Amino acid sequence: MLDGETGWLSRRAIPAALAQAITRLVNDSAARRTLGLAARERAIAQFSIEQCVSRYDEFYRGLLEGKEPQEIGATRIPASVVIP
């Protein structure tokens, strides 16, 4: 998820922050629509069957070349999806 683009992130173990984000979505139909459309486009672009197959292919080819899993681009998690 991209905070503010495809949804809103909230810190773990802070129920009030999650409740605030949910309330904001309930009350803001334009935000729901905008975030939902952006999330759908991202899902199609980055998580389609073609993209998944391509990343698995890259991963296994890297292993066959003797690379460590962390050295293979397909296994890197972008910082934008890590929840602080």
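Aspartate 57 pairs with arginine 61 in a salt bridge (a side-chain nitrogen of Lys or Arg within 4 Å of a carboxyl oxygen of Asp or Glu), and their closest N and O atoms are 2.9 Å apart. This is a predicted model, in which local features need pLDDT of at least 70 and side-chain atom pairs count only at pLDDT 80 or more, while totals for chains, interfaces and linings use all residues. Residues are numbered from 1 along each chain as its sequence is written, and side-chain values use heavy atoms, with hydrogens and water left out.

**Salt bridges**
- The count of salt bridges under this rule is two.
- Both aspartate 57 and arginine 61 belong to helix H3 (residues 49-64), where four residues, about one turn of the helix, separate them.
- Lysine 67 forms a salt bridge with glutamate 65, with 3.6 Å between the closest N and O atoms.

**Exposure of the partners**
- Aspartate 57 has 36% relative accessibility and therefore counts as partly exposed, a class that lies between buried (under 20% relative accessible area) and exposed (over 50%), using a 1.4 Å probe and protein chains only.
- Lysine 67 is likewise partly exposed, at 38% relative accessibility, whereas glutamate 65 is exposed, with a relative accessible area of 58%.

**Overall build**
- The protein has three helices and zero strands, where helices (H or I, at least four residues) and strands (E, at least two) are DSSP runs numbered from the N terminus.
- Of the 84 residues in the protein, 15% are buried.
- Among contacts (heavy atoms within 4.5 Å) with a separation of 6 or more, 40% are between residues 24 or more positions apart.
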